[in-house]
Amino acid sequence: MNIFKMTSNDNYSFEPVGTVDPSAPVVEAVPSTTSPETYYDEAERPSDTAIMVGCGLMGWVIAGPFLAIITALGGKFVADRNQGPIGDSSRAVGRIASAAGKKAEEERLLCKLKASIYSIFSK
């Protein structure tokens, strides 16, 4: 670790920035014309089932089976109709549920669960 100390013998000067050099390129910000829905390609768009499972599971954890049904149906409705932050969040929950389902298939989670339950009752 290098530590530098300034002493009174150092000659540093700070000058305010004047006009911009005319040969320097000028950059202008242009607003994007793509909607938030086009950020994700079609492969990353969650299915309706994934949205309903993700939102329903969140509702189940928060308040039980009745709210699970309402949040599952409401999450699908909002994801289809709303392009704002609420629709984005329910689509994000659907992408999470879809990724979890793909990982469970990849790890053969259902087969492992069946084998573990079978081993418990076979003794």
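This is a predicted model: local features need pLDDT of at least 70, side-chain atom pairs count only at pLDDT 80 or more; totals for chains, interfaces and linings use all residues.
**Entry 1: the loop with Arg108**

I started at Arg108, which I found in the loop between helix 3 and helix 4. Arg108 has a positive phi of about 55°, although it is not a glycine. Is Arg108 buried or exposed? Its relative accessible area is 54%, and the cut-off for exposed is over 50%, so Arg108 is exposed.

**Entry 2: charges around Glu107**

Next I looked up salt bridges, and the structure holds six of them. Which residue does Lys103 form a salt bridge with? The partner is Glu107, and the closest N and O atoms of this pair are 3.5 Å apart. Glu107 also forms a salt bridge with Lys112, and there the closest N and O atoms are 3.9 Å apart. I then noted that salt bridges with shared partners join Lys103, Glu106, Glu107 and Lys112 into one network. Lys103 is partly exposed, with a relative accessible area of 43%. Glu107 counts as partly exposed too, at 36% relative accessibility.

How many residues apart are Lys76 and Asp80 in helix 2? They are four residues apart in that helix (residues 65-81), so about one helical turn separates them. For Lys76 I wrote down a relative accessible area of 24%, which makes it partly exposed. Asp80 is at 31% relative accessibility and so counts as partly exposed.

**Entry 3: Gly87 in helix 3**

Then I went to Gly87, which lies in helix 3 (residues 85-106). Why does Gly87 count as buried? Gly87 counts as buried because its relative accessibility is 0%, and buried means under 20%. What is Gly87 in contact with, leaving aside its neighbours within four places in sequence? I listed Val78, Ala79 and Asn82. I also looked up Gly75, which is 12 residues from Gly87 along the chain. The C-alpha atoms of these two glycines are separated by 7.9 Å.

**Entry 4: helix 1 against helix 3**

Still on helix 3, I turned to how it sits against helix 1. A reminder to myself: two packed helices are described by the angle between their axes and the distance between the axes. The axes of helix 1 (residues 48-63) and helix 3 come within 7 Å and cross at roughly 100°. Angles of 65 to 115 degrees count as roughly perpendicular, so helix 1 and helix 3 are roughly perpendicular to each other. Which residues meet here? From helix 1 I wrote down Ala50, Ile51, Gly54, Cys55 and Met58. In helix 3 they meet Ser90, Arg91, Val93, Gly94, Ala97 and Ser98.

**Entry 5: a nonpolar patch**

My last stop was the surface. Leu110, Leu113, Ile117, Ile120 and Phe121 make a nonpolar surface patch of about 570 Å². Leu110 is at 58% relative accessibility, so I have it down as exposed.

Note on methods
Residues are numbered from 1 along each chain as its sequence is written. Side-chain values use heavy atoms; hydrogens and water are left out. Helices (H or I, at least four residues) and strands (E, at least two) are DSSP runs, numbered from the N terminus. Buried means under 20% relative accessible area, exposed over 50%, partly exposed in between (1.4 Å probe, protein chains only). Contact means heavy atoms within 4.5 Å. Patches are made of residues with over 30% relative accessible area and no salt bridge: like charges are joined within 9 Å, nonpolar side chains (Val, Leu, Ile, Met, Phe, Trp, Tyr) within 5 Å. Accessible areas come from the Shrake-Rupley method with a 1.4 Å probe; for residues, only the protein chains shown count as cover. A salt bridge is a side-chain nitrogen of Lys or Arg within 4 Å of a carboxyl oxygen of Asp or Glu. Axes are lines fitted to C-alpha atoms, for helices over the stretch in contact, and angles run from 0 to 180 degrees between N-to-C directions. Angles under 35 degrees count as roughly parallel, over 145 as roughly antiparallel, 65 to 115 as roughly perpendicular and the rest as oblique.
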